[in-house]
Amino acid sequence: FKLTYFISFDKMDLCCCFSVCVQTSEIGYIEDLREFQKLAKPSLSCIFWFFTRLVGSLSTRIQELKVRTKTKTKDNVFISADVTVQYQIIIEKSYEAFYKLTKHKSQIRS
């Protein structure tokens, strides 16, 4: 994501606003005072500097992960198989994906 800022003076009030740009095929996460507030869709968004911030983003594209797995057959022979897993974030459950999952690739591998 890109981050720019501008300061405007209007009738002696100071308004400091950051504009954040969430790239296409990404979804951003906006926090206000370190508490989740909303999802940022792919576009240019304006957030207020001192209290609100864009903490990160996740890709909404289909991703691919190559995994080598070992398994035991019925006749007690161990074999290794290469498996390719394709996964994509579900936007309705993106809060859990961003805040509750850590190291999602290693969790898929296990």
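Me: What classes of residue line the largest pocket?
Reply: The lining has 7 nonpolar, 7 polar and 3 charged residues. These values come from a predicted model.

Me: Which residues lie nearest the centre of that pocket?
Reply: Tyr-87, Ile-89, Ala-97, Leu-101 and His-104 do, out of 17 lining residues. About 350 Å³ of space lies in this pocket.

Me: Which elements each supply at least two residues of the lining?
Reply: They are β6 (52–59), α1 and α2 (104–109).

Me: How do you know that strands β7 and β8 pair?
Reply: Two strands need at least two bridges to pair. Here 10 bridges join β7 (residues 63–72) to β8 (residues 78–87). So the two strands count as paired. They run antiparallel.

Me: How many aromatic pairs does the structure hold?
Reply: It holds 7. One of them is Tyr-29 with Phe-98.

Me: Why is the pair of Tyr-29 and Phe-98 called stacked?
Reply: The centres must lie within 6.5 Å, and the planes must be under 30 degrees apart. This pair has 4.2 Å centre to centre and 10° between the planes.

Me: What makes Tyr-29 buried or exposed?
Reply: Buried means under 20% relative accessible area. Tyr-29 has 0%, so Tyr-29 counts as buried. Phe-98 has 24%. That value falls between the 20% and 50% limits, so Phe-98 counts as partly exposed.

Me: Why is the pair of Tyr-29 and Tyr-99 called edge-to-face?
Reply: An edge-to-face pair needs planes over 60 degrees apart. The planes of Tyr-29 and Tyr-99 stand at 85°, and the centres are 6.2 Å apart. The pair is therefore edge-to-face. Tyr-99 lies in helix α1, so this pair with Tyr-29 of β3 ties together parts that are 70 residues apart in sequence. Tyr-99 is partly exposed, at 28% relative accessible area.

Me: Which residues do ring pairs link into a cluster?
Reply: They are Tyr-29, Phe-36, Tyr-95, Phe-98 and Tyr-99.

Notes
Residues are numbered from 1 along each chain as its sequence is written. This is a predicted model: local features need pLDDT of at least 70, side-chain atom pairs count only at pLDDT 80 or more; totals for chains, interfaces and linings use all residues. Side-chain values use heavy atoms; hydrogens and water are left out. Helices (H or I, at least four residues) and strands (E, at least two) are DSSP runs, numbered from the N terminus. Rings of Phe, Tyr and Trp (its six-membered ring) pair if their centres lie within 6.5 Å; planes under 30 degrees apart count as stacked, over 60 as edge-to-face and the rest as tilted. Buried means under 20% relative accessible area, exposed over 50%, partly exposed in between (1.4 Å probe, protein chains only). On a 1 Å grid over the protein atoms alone, a cavity is a set of points where a 1.4 Å probe fits but cannot get out, and a pocket is an open set with protein on both sides within 12 Å along at least five of seven lines; lining residues have an atom within 4 Å of a point. Grid points are joined across faces, edges and corners, and a volume is the space filled by probe spheres set on the points. Ala, Val, Leu, Ile, Met, Phe, Trp, Tyr, Cys and Pro count as nonpolar, Asp, Glu, Lys and Arg as charged, and the others, Gly among them, as polar.
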